[in-house]
Amino acid sequence: MKLRIFLFSILSLSLSFSQPALNRNPNVVEIIEKISPDSIKKKIEKLVSFHTRHSLSDTVSPARGIGAARRWIKSELERYSKESGGKLKVEFDEFIAPPGPRVPKPTKMVNVVATLPGKVYKDKVYIVSAHYDSRAGDVLDSTGFAPGANDDGSGTAAVLELARVLSKYEFDFTIMFVLFAGEEQGLLGSRHLAKKLKDSGIVILGVLNNDIIGNVEGGNGIIDNTQVRIFSEGLPLIRDENTLRLIAQTGLENDSPSRQLARYIKDVAERYLDNFKVKLIFRRDRFLRGGDHISFNEQGFPAIRISEMNENYTRQHQNVRIEKGIKYGDIPEFVDYEYCANVARVNAIAIYHLANAPLPPQNPIIKVSELEYDTTLKWELSDEEDLAGYNICIRETTSPVWEKKIFVGKVNEFTLKNVSKDNFIFGIQSVDLDGNESLIVIPNPAR
């Protein structure tokens, strides 16, 4: 009987306040309709035409090698900037990679970056990224055919498509569209930029890294064009003994900022894409493997990897060939362009809502007395003009996603009567008048 009363009381609370409707935003609907599988296909075919985009390949040729590829990527982004009235700031981010196991001698590497400045928070940034370099079977083969249609031509094409479409809109937060070099040589481009941004004091609120997002036929025989995976770290890579102790004491091993970003993407994307689902994988990356988002995790930034549901290893890091009737190699015919466009739409939906949302609640706490039956949450009340109020978010400790949101209005404290902090995880989320929601933040205990 008590359980029934509790559930009813929570439901009643949710109906006691006027929350902005979570309808599909017409701008978002317009954006996802503009994302074109044909446009993505043309971009991937152009990337493949460079023969190889290996990070140690030719930088002088106008038609072959990574130099030609990065100049074309930059020219595409500059074209989008011109079409949008000069909104995008496009530049090369150059650095010298020192010698290492996959870099025989000091080598200049170049990331390509396009920045769409925010109207309100120019120094607070969301990043959408992919790596544009490719490789064949031998990681040091800088001249052989390495088409990289899916790894990571698919991600590169998606980021370019997102830049093309989103640059025609305005956002409160800054958005950076980044194409990394040196991923196959050891995450070199992303590690350079992540550290550079950390040292500059720019606040990175979230990184959506797209790596291998175009194949729907797994090597396991499963064909699935209805789901995409999001990988996110649990325990933060940057942490100290006190942080670890607090995580253990409060049972928040599953609630890192990166994991909240992953949950957010699933929540908003599935509001718009009826037949396309986001699969949360609670692991930093594929088993014992890694991608460019990890470089940002290493600097303490929330970052996730978006990747196809079922990989096919005959189509990754392979010399192009036919062997015993099996086609090997990362070639365009193995890319599903509509699937790739759907993954790009997942990015677009999430970025639109994130970059237009209010700031997340600041300094959230969960009040702690000696023994109590209620749960009281408190945070700083924002002075943002378009703030509608806050959601209190609740889920079972075993639930992968947030199960309940209670809109409590424009207040800075709320008590959940007879709701035990022993049994649930709590979060707080800002909501604006248009229904845009911030990332959910977890309150720290305070006596």
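Let me begin with the interface. In domain 1, 22 residues are in contact with 18 residues of domain 2, where contact means heavy atoms within 4.5 Å. The model before you is predicted: local features need pLDDT of at least 70, side-chain atom pairs count only at pLDDT 80 or more, and totals for chains, interfaces and linings use all residues. Residues are numbered from 1 along each chain as its sequence is written, and side-chain values use heavy atoms, with hydrogens and water left out.

The protein chain is divided into domain 1, residues 26–356, and domain 2, residues 362–445; these bounds come from an automatic or database domain assignment. Taken over C-alpha atoms, the centres of domain 1 and domain 2 are separated by 32 Å. Between domain 1 and domain 2, about 1400 Å² is buried, and carbon and sulfur atoms give 52% of that area. Buried area here is the accessible area (1.4 Å probe) that two parts lose on being put together, summed over both. Q260, R263 and Y264 supply 28% of the area that domain 1 buries against domain 2, more than any other three residues.

What polar pairing is found across this interface? Between domain 1 and domain 2 there are 3 salt bridges, a salt bridge being a side-chain nitrogen of Lys or Arg within 4 Å of a carboxyl oxygen of Asp or Glu. In general, side chains of opposite charge can pair when their charged atoms come close. The rule also finds 8 residue pairs in polar contact across the interface of domain 1 and domain 2, both residues at pLDDT 80 or more. A polar contact is a pair of N or O atoms within 3.5 Å; within protein, one must be able to donate a hydrogen and the other to accept it, and residues adjacent in sequence count only if both atoms are side-chain atoms.

Which elements give two or more residues to the side of domain 1 that touches domain 2? They are β3 (121–131), α7 (241–250), α8 (257–272) and α10 (337–356). Helices (H or I, at least four residues) and strands (E, at least two) are DSSP runs, numbered from the N terminus. With 7 residues, α8 gives the most to that side of domain 1. The residues there divide into 11 nonpolar, 6 polar and 5 charged; Ala, Val, Leu, Ile, Met, Phe, Trp, Tyr, Cys and Pro count as nonpolar, Asp, Glu, Lys and Arg as charged, and the others, Gly among them, as polar.

Turning to the chain as a whole, the structure holds 37 salt bridges. The side chains of R271 and E437 meet in one of 2.8 Å, N to O. In another, the side chains of K42 and D38 meet at 3.4 Å, N to O. Both K42 and D38 lie in helix α3 (residues 37–48), 4 residues apart, about one turn of the helix.

Finally, the backbone. The peptide bond from D151 to D152 is cis, with omega near -5°, and D152 is found in the loop between β3 and α5 (153–166). H51 is not a glycine, yet has a positive phi of about 75°; H51 is in the loop between α3 and α4 (66–83). N363, also not a glycine, has a positive phi of about 50°, and N363 is found in strand β11 (residues 362–367).
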